[in-house]
Amino acid sequence: AKKGTLISDIPPLEMEKYLAKQAAKYETVKIRIVFQDRQELEALFGVKEKVKAIEQTIRDCLADDSLSFQLFITPPKRVLPLTSTLFTEKLYPAARVHVEWTQGSSHPKTLLRSGLPFVTEDEKPKQPQKAKEAHHTKEPSKAPQASGNSKTGTSAGAKTGGAPKWFMAGRK
């Protein structure tokens, strides 16, 4: 596939080769798990891991691991089957996965267990590290980080004054 080519334009015979290149290119997947109360967890997974690994990571972080929930992505809302891989669900290189409590599970008062590493928007690294460099292991890290639920409208590395560099209003 050439740069700028839509995936729908790739002939069916070349699609398998294209997908194999994509799987080799993206070894790890950054998943941001979003709860209904806007708390977030972020973790790295291998591209060939199953959605079940995300579910297990969430259960490890919950204060009450007996709660029943399902995982979905948007738009449009699509529930993720636990047996499929992150690659087949097209969750690479990064994705936001939402948690929805199923019927019979009430929303808990204390959602995440205590002791999780907490990272606020200001403390996030300006440039993400690759999993191999950060953890010195072949397998991607599954250590989730809890993220603050306050959104400020600016990214962690953005300057707060003036317009961004790329915005050149009225200049030629």
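Predicted model: local features only at pLDDT ≥ 70, side-chain atom pairs only at ≥ 80, totals over all residues.
I began at K90, which sits in the loop between β4 and β5. Strands here are DSSP runs of E with at least two residues, helices are runs of H or I with at least four, and both are numbered from the N terminus. Residues are numbered from 1 along each chain as its sequence is written, and side-chain values use heavy atoms, with hydrogens and water left out.

Most residues other than glycine have a negative phi, and most peptide bonds are trans. That made me look for exceptions. K90 is not a glycine, yet its phi is positive, about 60°. At 58% relative accessibility K90 counts as exposed; the cut-offs are over 50% for exposed, under 20% for buried, and partly exposed in between, with a 1.4 Å probe and protein chains only. R38 has a positive phi too, near 70°, and lies in the loop between β1 and β2. R38 is exposed, with a relative accessible area of 64%.

Next I checked peptide bonds. Y92 and P93 are joined by a cis bond with omega about -5°, and P93 belongs to the loop between β4 and β5. Another cis bond links P75 to P76, with omega about -25°. P76 is in the loop between β3 (69-73) and β4.

**S84**

Is S84 buried or exposed? At 13% relative accessibility, S84 counts as buried. Its place is in the loop between β4 (78-79) and β5. I found that S84 touches E49, K50, V51 and E89, leaving out residues up to four places away in sequence; contact means heavy atoms within 4.5 Å. S84 and V51 are 33 residues apart in sequence, but their C-alpha atoms are 6.1 Å apart in space. A polar atom of the S84 side chain lies 3.1 Å from the backbone oxygen of P81.

**Strand β1 and its neighbours**

Which strands pair with β1? I traced two. With β2 (residues 40-46), β1 pairs in the antiparallel sense over seven bridges; pairing requires that DSSP finds at least two bridges between two strands. The two form a hairpin with five residues between them, R38 being in the turn. V29 has F45 of β2 as its bridge partner. With β5 (residues 94-101), β1 runs parallel, joined by five bridges. There, I31 stands opposite A95.

Five of the seven residues of β1 (residues 28-34) are buried, so the strand is largely enclosed by the rest of the structure. R32 is in β1 and counts as buried at 19% relative accessibility.

**Helix α1**

I then turned to α1 (residues 12-25), whose 14 residues reach 20 Å from first C-alpha to last, close to the 20 Å expected at 1.5 Å a residue. The expected span is 1.5 Å times one less than the number of residues. Which residues of α1 are buried? They are Y18, Q22 and A23. They cover an arc of only 140° around the axis, which puts them on the same side of α1; the arc is that of the directions from the helix axis to the C-beta atoms. The face turned away carries the exposed residues L13, E16, K17, K21 and A24.

**The whole chain**

Last, I stepped back: the chain has three helices and seven strands. Of its 172 residues, 35% count as buried.

Notes
Polar contact = N/O pair within 3.5 Å; in protein donor to acceptor, adjacent residues only side chain to side chain.
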